[in-house]
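Trainee: Before we discuss the protein, may I see its sequence and structure?

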Amino acid sequence: MTEEVAVERDYTAAARALVDARYPIALTGAGLSVESGIPPFRGPGGLWTKHGEPPMNGWELFLADPKRAWEKRLNPEGPMRELARRVEQAQPNPGHQALVELEAMGLMRCVITQNIDDLHRRAGQRELAEIHGNSRLVRCIECGAREPREAISLAVLPPRCARCGGIQKADTVSFGEPIPEDVMERCQREARAADFILVAGTSATVYPAAALPFEVLERRGALIEVNPHESELTPLATVVLRGPAGAVLPKLVAAVRGLRN
Ligand SMILES: [Zn+2]
């Protein structure tokens, strides 16, 4: 068998597994964002590589001095402002769009993402769980209410929740901060319901996201890996589609359409 035929067979197998799934979900990560021009945190061009590693106790520091944490976040020279600028400039790529198409076809019940850049939502994904938060939102640390960042005043720091008066922080989850309960519960509910998980642009090594593929595998669900590189999930995958998500996912959608016609 030529390599081309083998690859085509893989797409057909992945499309078949997706069409046959009762409750397909996806888990996405940094790889998808990098393809839209969002810098990664580590490695060449990484935010931390350029600005230095952030403190590993960001949550503790926030609680100790929220005003100072906000001032650091708003520093125009800091990594968070650079990330915010890059997020504003970024556009969803064909990988994001393919997931929206699958949702429209009734073949994607929820996208769980580790990305904080809002690109899935901007692409039009409706069922979305942002496990590490969303950089365009702020969240009240008391009642959990979220608001768009543009909607709040930063004249006095830290900003306060209009509903309960609690301190607001960026919705993005800091180092050491627990994943917000509503999101964590949603992710667990989705993973328990799923009999198919598409893992795209992530090697899924960071908990709690890393547990989700195993949750699906334990109940004999299918795991499709979309990644240009081998990962720890590769040996466990039902089918591996090698390549960047922006190239692979549109081809998967085409294979699904081929099966349905
Ligand atoms: Zn509140």
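The questions and answers below go through this structure.

Trainee: What kind of model is this, and how are its residues numbered?
Mentor: This is a predicted model, in which local features need pLDDT of at least 70, side-chain atom pairs count only at pLDDT 80 or more, and totals for chains, interfaces and linings use all residues. Side-chain values use heavy atoms, with hydrogens and water left out, and residues are numbered from 1 along each chain as its sequence is written.

Trainee: How many helices and strands are in the chain?
Mentor: Helices (H or I, at least four residues) and strands (E, at least two) are DSSP runs, numbered from the N terminus. On that basis the chain has 11 helices and nine strands.

Trainee: What radius of gyration does the chain have?
Mentor: The radius is taken over C-alpha atoms, and the globule rule is 2.2 Å times the number of residues to the power 0.38. For 261 residues, a compact globule would have a value near 18 Å. The chain agrees with this, at 19 Å.

Trainee: Which residues coordinate the zinc ion?
Mentor: Donors are N, O and S atoms within 2.8 Å of the metal (3.2 Å for Na, K and Ca); water is not among the atoms, so sites may look incomplete. The donors here follow the spacing C-x2-C-x17-C-x2-C along the chain. At 2.3 to 2.4 Å, the zinc ion is coordinated through SG atoms of Cys140, Cys143, Cys161 and Cys164.

Trainee: What is the geometry of the site of the zinc ion?
Mentor: Four donors count as tetrahedral if all angles lie between 85 and 135 degrees. The angles among the four donor atoms of the zinc ion are 97 to 118°, so the site is classed by that rule as tetrahedral.

Trainee: How many residues apart in sequence are the parts that Cys140 and Cys164 tie together?
Mentor: Cys140 lies in strand S4 (residues 137-140), whereas Cys164 lies in the loop between strand S5 (146-148) and strand S6 (168-170). The pair therefore ties together parts whose separation in sequence is 24 residues.

Trainee: Is Cys140 buried or exposed?
Mentor: Buried means under 20% relative accessible area, exposed over 50%, and partly exposed in between (1.4 Å probe, protein chains only). Cys164, at 39%, counts as partly exposed. Cys140 has a relative accessible area of 1%, and so is buried.

Trainee: How are the rings of Trp59 and Phe62 arranged?
Mentor: Rings of Phe, Tyr and Trp (its six-membered ring) pair if their centres lie within 6.5 Å; planes under 30 degrees apart count as stacked, over 60 as edge-to-face and the rest as tilted. A search of the whole structure finds one aromatic pair. The centres of Trp59 and Phe62 are 6.5 Å apart and their planes are at 0°, so the pair is stacked.

Trainee: Which charged end sits over the ring of Phe62?
Mentor: A charge sits over a ring if NZ of Lys or CZ of Arg is within 6 Å of the ring centre and within 35 degrees of the ring normal. Phe62 itself is buried, at 5% relative accessibility. The charged end over its ring, 6.0 Å from the centre, belongs to Lys169.

Trainee: Which residue forms a salt bridge with Asp171 at 2.7 Å?
Mentor: A salt bridge is a side-chain nitrogen of Lys or Arg within 4 Å of a carboxyl oxygen of Asp or Glu. The whole structure holds 18 salt bridges. Arg139, Arg146, Lys169, Asp171, Glu177 and Asp182 are linked in a network of them. At 2.7 Å, N to O, the partner of Asp171 is Arg139.

Trainee: Which residue meets Arg136 in a salt bridge, and what is its phi?
Mentor: The partner of Arg136 is Asp118, at 3.5 Å, N to O. Asp118 is found in the loop between S2 and H8 and is buried, at 11% relative accessibility. Its phi is positive, in a residue other than glycine.

Trainee: What is omega for the peptide bond from Tyr207 to Pro208?
Mentor: Pro208 lies in the loop between strand S7 (196-200) and helix H10 (211-218). The peptide bond from Tyr207 to Pro208 is cis, with omega near 5°.

Methods:
Four donors count as tetrahedral if all angles lie between 85 and 135 degrees; four count as square planar and six as octahedral if opposite donors are over 155 degrees apart and all others between 65 and 115; anything else is irregular.
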